[in-house]
Amino acid sequence: MSAKVFKTIDEQLDILKSKGLIINDYDKAKDIVLRENYFFLNGYRSPFLISGSKRFVDGATFEELYSLFTFDRFFRNIIFKNVLIVENNYKSLFSYVLSRKYGYKEKDYLNPDNFDRSREKTRQINDLIRKVKRQIRINGYQHTATSHYINNYGYIPLWVGVKVLSFGIMGELFSVLKREDQEEIASYYVNVDANQLGNYLSILSNYRNLCAHEDILYNHETQKGIEDTSVHSILNIPKVDDEYIYGKHDIFALIIILKHLLTYTDFKMMMNEIDYEIDWLSSKLNSIDVKKVLYRMGFPDNYKEISYIE
């Protein structure tokens with residue numbers, strides 16, 4: 001495999017042109033590549049390629065490629081905003097349930113006896129408690145609320161401490177709670193059991209990190225899938241080998257998770273924003289149909305109906 005060497009902006013655009021991409025405004029394209037990074041832009045080429053080839057379909061333009069890049073940025077911002085809403089809601093529920101049951105000081109809510117005491121989880125619990133204490137110690141003075149409690153009371157109650165704990169850590173903590181505590185937290189959501197919630201939190205943590213680092217979102221697939229839900233059935237999503245072809249590992253699976261964890265109003269607002277961005281992208285595409293992008297997102301043709309499922 002030949003080594004990758006530095007190429008100027010002109011050379012990078014020449015590569016795209018040599019593969020059949022039309023560049024209508026060369027100066028604007030140069031500015032975009034310089035600001036956005038050729039490597040990142042090139043990551044959006046797949047819907048515009050001839051099947052089984054590295055060449056672009058007839059009529060594909062740089063402007064279309066950049067439109068998909070821009071769409072993914074706007075879409076990612078919408079998803080990120082709503083994942084943060086779920087994160088805040090979950091942290092509030094978690095801290096409420098554990099504080100009420102076990103106490104509000106670190107020595108109380110971080111007592112190993114509060115967690116699943118099965119032998120196989122003992123090491124994980126002890127490691128997690130150390131991680132939680134470390135994050136509180138390192139991040140505690142960086143936030144007004146936590147530093148206020150440290151300086152004035154000498155401890156941080158859990159409902160304040162969750163502010164400085166990562167979503168990943170919070171998801172892991174859920175996985176080692178006693179079963180009755182998992183079930184109580186899950187009960188505050190509609191049609192979500194403890195097993196589903198644990199799975200959803202793990203997947204959402206993955207997407208949160210992806211969004212925070214501006215990675216490609218629209219066609220991302222997770223290794224861990226979600227269970228079949230009523231949404232799959234109501235939308236009549238087709239199956240292959242008894243497996244739903246949409247909404248399992250793809251972005252539509254993420255939409256289904258958010259459907260279960262956001263309020264009805266928040267979810268509908270999110271879908272309205274997504275619909276607007278899809279319509280905008282559709283207006284910018286000529287060489288391909290927007291359905292080609294939606295297919296990579298795992299969106300069924302009737303995806304809009306999810307907004308009206310109660």
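**Whole chain**

Start with everything displayed as a cartoon, and keep in mind that this is a predicted model. The protein chain has 15 helices and two strands. Along the principal axes, its C-alpha atoms fill a box of roughly 65 × 45 × 40 Å. Of the 310 residues in the protein chain, 46% are buried. Among contacts in the chain with a separation of 6 or more, 69% are between residues 24 or more positions apart.

**Helices α6 and α9**

Select residues 122–139, which form helix α6, and residues 167–175, which form helix α9. The two helices pack at an angle of about 150°, and their axes are 10 Å apart. The crossing of α6 past α9 is left-handed. Now show side chains at the contact: on α6, pick Gln-124, Leu-128, Lys-131, Val-132 and Gln-135; on α9, pick Ile-169, Glu-172, Leu-173 and Ser-175. Colour this set by residue type and it divides into four nonpolar, three polar and two charged residues.

**Helix α11 at Ser-205**

Move to Ser-205 in helix α11. Is this residue buried or exposed? Ser-205 counts as buried because its relative accessible area is 12%, below the 20% cut-off. Apart from neighbours within four places in sequence, Ser-205 is in contact with Phe-167 and Gly-168. Both of these fall in the residue range of helix α9, 167–175.

**Aromatic rings**

Next, display the rings. The structure holds 15 aromatic pairs. One of them joins Phe-39 and Phe-40 in an edge-to-face arrangement, with 5.7 Å from centre to centre and 65° between the planes. Phe-39 is exposed, at 63% relative accessibility, while Phe-40 is partly exposed, at 46%.

Then select Tyr-90 and Phe-174. This pair is also edge-to-face, at 6.3 Å centre to centre and 70° between the planes. Which parts of the chain does the pair link? Tyr-90 sits in helix α4 and Phe-174 in helix α9, 84 residues apart, so the pair links distant parts of the chain. Both Tyr-90 and Phe-174 are buried.

For a group of rings, select Tyr-44, Tyr-66, Phe-69 and Tyr-218, which form one aromatic cluster. One further ring to inspect is that of Tyr-244: Lys-239 lies over its face, at 4.6 Å from the ring centre.

**Helix α4 at Asn-88**

Return to helix α4, residues 62–102, and pick Asn-88. The relative accessibility of Asn-88 is 52%, and the cut-off for exposed is over 50%, so Asn-88 counts as exposed. Asn-88 and Lys-163 are 75 residues apart in sequence and 8.4 Å apart in space.

Most residues other than glycine have a negative phi. The next two selections go the other way.

Asn-191 is in the loop between α10 (179–187) and α11 (194–212). The phi of Asn-191 is near 60°, a positive value in a residue other than glycine. With a relative accessible area of 58%, Asn-191 is exposed.

Glu-214 is in the loop between α11 and α12 (230–234). Here phi is near 55°, again positive in a residue other than glycine. Glu-214 is partly exposed, with a relative accessible area of 43%.

**Tyr-264 and the end of the chain**

Finish at helix α14, residues 264–284, and select Tyr-264. At 37% relative accessibility, Tyr-264 counts as partly exposed. Which residues does Tyr-264 contact, leaving aside its neighbours within four places in sequence? They are Lys-259, Ser-307, Tyr-308, Ile-309 and Glu-310. For Glu-310, draw the C-alpha distance to Tyr-264: the two atoms are separated by 7.6 Å, and the residues are 46 apart along the chain.

Key
Residues are numbered from 1 along each chain as its sequence is written. This is a predicted model: local features need pLDDT of at least 70, side-chain atom pairs count only at pLDDT 80 or more; totals for chains, interfaces and linings use all residues. Side-chain values use heavy atoms; hydrogens and water are left out. Helices (H or I, at least four residues) and strands (E, at least two) are DSSP runs, numbered from the N terminus. Buried means under 20% relative accessible area, exposed over 50%, partly exposed in between (1.4 Å probe, protein chains only). Contact means heavy atoms within 4.5 Å. Axes are lines fitted to C-alpha atoms, for helices over the stretch in contact, and angles run from 0 to 180 degrees between N-to-C directions. A crossing is left-handed if the near helix is turned anticlockwise from the far one by less than a right angle, and right-handed if clockwise. Ala, Val, Leu, Ile, Met, Phe, Trp, Tyr, Cys and Pro count as nonpolar, Asp, Glu, Lys and Arg as charged, and the others, Gly among them, as polar. Rings of Phe, Tyr and Trp (its six-membered ring) pair if their centres lie within 6.5 Å; planes under 30 degrees apart count as stacked, over 60 as edge-to-face and the rest as tilted. A charge sits over a ring if NZ of Lys or CZ of Arg is within 6 Å of the ring centre and within 35 degrees of the ring normal.
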